[in-house]
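Reader: Please take a close look at one chain of this model and at the side by which it meets its partner. I would appreciate a connected account, with the criterion behind each term.

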Amino acid sequence: MRVALAEDGALFREGLLMLLRAAGHEVVGCTADGDALVELLTRQPADVAILDIRMPPEPDGGLVTAERLRAAHPGMGLLFLSHYAESHYLMRILEIGTEAIGYRLKEKVGSVDVLTDTLDRIADGEIVIEPVLAKRLVERPRGDRKEIVDSLTPRELDVLKLMAEGRSNNGIAGQLFVTPKAVEKHIANIFSKLGLQEEGSEHHRRVLAVLTYLRSQRAES
Amino acid sequence: MPASTEGDPPAADVPADTTPCLRTPGTAGAGDCRAEHEQWQRRLRLQRRLHDGASLRISALVPQLGVVRNRVPEARPDLDASIEELQDQLHTVLQELREIARVIYPPLLDLAGLAPALKEFADRVPVPVRVEVAEERLGAAVEGAAYFAVTGCLGDLRPGGPPVDVVARRAGAELVVTLTGVPPRLAVGVLDQVHGLGGQVRTSGDPEDGTIEARIPCA
């Protein structure tokens with residue numbers, strides 16, 4: 001896979017560069033700030049751009065850079081790596097895009113397998129969310145929208161949590177030791193309880209389910 | 001210096017026009033305020049050092065270990081598992097450092113301001129909390145004092161209480177923070193956070209469903 005990288009911390013950037021190469025990926029560009037990456041990618045195609053959130057242009061250059069990249073190259077995947085897994089940043093990331101996008105902690109993509117799995121899923125159009133954050137969002141419901149959570153069974157919550165991590169039906173079935181058919185049934189129930197109508201693709205409704213859920217966690221004031 | 005209730009817990013049923021005004025004995029003068037600002041700056045620098053120093057170095061070790069692991073031949077699964085275990089431990093150390101940083105001065109408060117930081121905290125409170133806070137940045141001291149005043153109060157709320165409104169807005173040279181739906185007895189903790197900056201606290205209303213208002217001078 002062709003990957004471009006912008007990260008202002010030299011130590012982490014060099015380490016990640018080595019790991020990307022060890023995993024057999026082609027690193028088409030590597031910069032210390034967002035503007036340089038945008039410039040570089042006007043000349044060089046890439047499948048996924050990896051961005052630090054907190055880098056120049058300050059304060060959160062990764063986000064403004066991603067907006068520009070998504071506008072210029074809609075097909076390019078975006079992976080945010082950060083020192084913080086915060087729902088504040090997740091919401092801003094989901095405003096940039098809900099497909100081919102990922103948000104993970106820097107130290108959780110530390111093996112060839114995990115890094116490649118994350119990049120593959122993003123290149124395939126999935127949302128990949130750091131499990132620590134997905135778990136926290138699902139387990140710490142906001143009081144004022146608690147009825148949404150209360151209407152879901154514990155098993156449906158498990159399924160929604162794994163959906164929020166961007167897992168496929170088969171992946172969820174494997175994690176929960178149930179059949180894919182059972183997972184489909186749970187998902188249909190979740191869609192109905194969240195009030196998602198039967199229009200649009202399954203993937204789109206999945207994203208909406210996750211988004212509806214995430215938004216219910218952070219009701220706009 | 002005007003006389004005041006000197007930190008006594010406010011009576012619950014005081015009419016609104018004579019709400020008690022909490023101030024500490026010997027109200028903060030200009031020198032104390034400078035010391036207080038310096039204290040907040042120190043906290044902020046400490047938190048940033050945790051991120052820029054130890055944490056950055058530790059997170060940089062993780063991909064390097066991943067490279068080492070990739071060079072290990074398939075025939076040595078033990079070493080493979082040990083490296084994975086080491087990486088898990090590094091993640092745990094980083095999570096602990098993040099918790100410490102959060103207690104010293106929340107990185108989200110530093111990076112994004114009072115509104116996002118309070119909304120994030122409100123997610124953890126067992127009663128419904130509505131946060132209405134202006135986006136304007138007010139500096140490390142005022143934002144820090146307001147954040148710890150509000151979160152200290154919200155952190156003491158028990159499940160089943162009334163819904164809480166948190167409103168913070170600039171009024172001239174002051175930040176006015178109003179908590180509605182909270183027990184006025186929690187005002188003492190709010191005062192602890194804001195008095196160093198010359199802030200004042202007023203309370204009114206019901207013992208379990210009252211209002212605490214803090215006014216913090218801003219530059």
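Author: Of the 219 residues of chain B, 47% count as buried, where buried means under 20% relative accessible area, exposed over 50%, and partly exposed in between (1.4 Å probe, protein chains only). This is a predicted model, in which local features need pLDDT of at least 70, side-chain atom pairs count only at pLDDT 80 or more, and totals for chains, interfaces and linings use all residues. Residues are numbered from 1 along each chain as its sequence is written, chains are lettered from A and ligands numbered from 1 in the order in which they are written, and side-chain values use heavy atoms, with hydrogens and water left out.

Chain B has six helices and six strands; helices (H or I, at least four residues) and strands (E, at least two) are DSSP runs, numbered from the N terminus. From that terminus on, the order is β-α-α-α-α-β-α-β-β-α-β-β. Among contacts in chain B with a separation of 6 or more, 67% join residues 24 or more positions apart, contact being heavy atoms within 4.5 Å.

Helix 5 of chain B, residues 140-154, has 15 residues, and 14 of them are buried. From first C-alpha to last, helix 5 of chain B reaches 21 Å, close to the 21 Å expected at 1.5 Å a residue; the expected span is 1.5 Å times one less than the number of residues.

Turning to the partner chain, 37 residues of chain B are in contact with 32 residues of chain A. The area buried between them is about 3200 Å², with carbon and sulfur atoms giving 55%; buried area is the accessible area (1.4 Å probe) that two parts lose on being put together, summed over both. In chain B, the residues that lose the most area to chain A are B:Arg98, B:Leu111 and B:Asp123, together 19% of what that side buries.

Two salt bridges are found across this interface, the criterion being a side-chain nitrogen of Lys or Arg within 4 Å of a carboxyl oxygen of Asp or Glu. A salt bridge joins the side chains of A:Glu86 and B:Arg102, at 3.5 Å from N to O. Helix 1 of chain B gives the largest share of the side that touches chain A, 15 residues. That side divides into 15 nonpolar, 10 polar and 12 charged residues; Ala, Val, Leu, Ile, Met, Phe, Trp, Tyr, Cys and Pro count as nonpolar, Asp, Glu, Lys and Arg as charged, and the others, Gly among them, as polar.
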